[in-house]
Amino acid sequence: VYINMGAEYVIPCRFLALIAHLVIIIMLYWSREPNILECVPVSVGVSSSEYNKKDKQLLVGLSVSVALLIVEFVGFMIGLSMFSNFANVISVACHLSASIVLSLFVVQTWSCDTFWYVFGFCSIIPFLLEILVIIHTLKFKVFV
């Protein structure tokens, strides 16, 4: 089976970028408290309802991120989008960017509100592209 010249490098990169993004999201589950403390005013403290609200928001965002990553990973591993060069390149760019930015998010304890920008650009966009590629592949029976 002939694969495009660049696909032999992009496919493993996509796999590694997806795994790296998933690992950093799981790390955020365990170490989200400092980032939440950056969101709430100092005078409010840890026992406030504002802290609980921000914690719940970040937890929901992380959970949805994991769900989107799993859907994308399943579509990739089944082979529905594995050989779509455009989807592979966009996915690698988005997930690699997310891994780098979320690593800085953890290490530098950024405000938890920053997570939503990363979520929008680096989780939603590749997920929607994945869904479009899966629908196109199944509708037109375009299996490479």
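**Figure 1. Thr 109 lies in the loop between H4 and H5.** In this predicted model, Thr 109 has a positive phi of about 45°, although the residue is not a glycine. Most residues other than glycine have a negative phi. With a relative accessibility of 28%, Thr 109 counts as partly exposed. The loop that holds Thr 109 also contains Cys 112, shown in the next view.

**Figure 2. A disulfide joins Cys 39 to Cys 112.** The S to S distance is 1.9 Å, and the count of disulfides comes to one. Cys 39 belongs to helix H2 (residues 33-39), whereas Cys 112 sits in the loop between helix H4 (85-107) and H5, so the bond ties together parts that are 73 residues apart in sequence. Cys 39 and Cys 112 are both buried.

**Figure 3. Cys 94 is in no disulfide.** The nearest cysteine sulfur to that of Cys 94 belongs to Cys 122, 5.5 Å away. Seen from Cys 122, the closest cysteine sulfur is that of Cys 94, and the 5.5 Å between them is too far for a bond, because a disulfide requires sulfur atoms within 2.5 Å. Cys 94 is buried, at a relative accessible area of 12%. Cys 122 is likewise counted as buried, with 10% relative accessibility.

**Figure 4. Helices H3 and H5 cross at roughly 30°.** H3 covers residues 49-78 and H5 covers residues 115-140; their axes come within 10 Å. The crossing angle makes H3 roughly parallel to H5, since angles under 35 degrees count as roughly parallel. The crossing is left-handed.

**Figure 5. Residues of H3 meet residues of H5.** On the H3 side the contact is formed by Gln 57, Leu 58, Gly 61, Leu 62, Val 64, Ser 65, Leu 68, Val 71, Glu 72, Gly 75 and Phe 76. On the H5 side the partners are Phe 115, Trp 116, Phe 119, Ser 123, Ile 124, Pro 126, Phe 127, Glu 130, Ile 131 and Ile 134. By class, the residues of this contact divide into 14 nonpolar, five polar and two charged. Glu 72 of H3 and Glu 130 of H5 are among the residues listed.

**Figure 6. Phe 76, in helix H3, is buried.** Its relative accessible area is 2%. Leaving aside residues up to four places away in sequence, Phe 76 touches Ile 11, Arg 14, Phe 15, Leu 18, Ser 81, Met 82, Asn 88 and Glu 130. One of these partners, Glu 130, lies in H5 and belongs to the contact of H3 with H5. Phe 76 and Ile 25 are 51 residues apart along the chain, and their C-alpha atoms are separated by 19 Å.

Figure 7. Read along the sequence, the pattern is α-α-α-α-α. The C-alpha trace spans about 60 × 25 × 20 Å along its principal axes. Of the 144 residues in the chain, 38% are buried; Phe 76 is one of the buried residues, as are Cys 39 and Cys 112. Among contacts between residues at least 6 apart in sequence, 79% join residues at least 24 apart.

Terms used: Residues numbered from 1 in each chain as written. Predicted model: local features only at pLDDT ≥ 70, side-chain atom pairs only at ≥ 80, totals over all residues. Heavy atoms only, no water. Axes fitted to C-alpha atoms, helices over the stretch in contact; angles between N-to-C directions. Helix = DSSP H or I, 4+ residues; strand = E, 2+ residues; numbered from the N terminus. Parallel < 35°, antiparallel > 145°, perpendicular 65-115°, else oblique. Left-handed = near helix turned anticlockwise from the far one by under 90°. Contact = heavy atoms within 4.5 Å. Nonpolar A, V, L, I, M, F, W, Y, C, P; charged D, E, K, R; others polar. Buried < 20%, exposed > 50% of the residue type's maximum accessible area, 1.4 Å probe, protein only.
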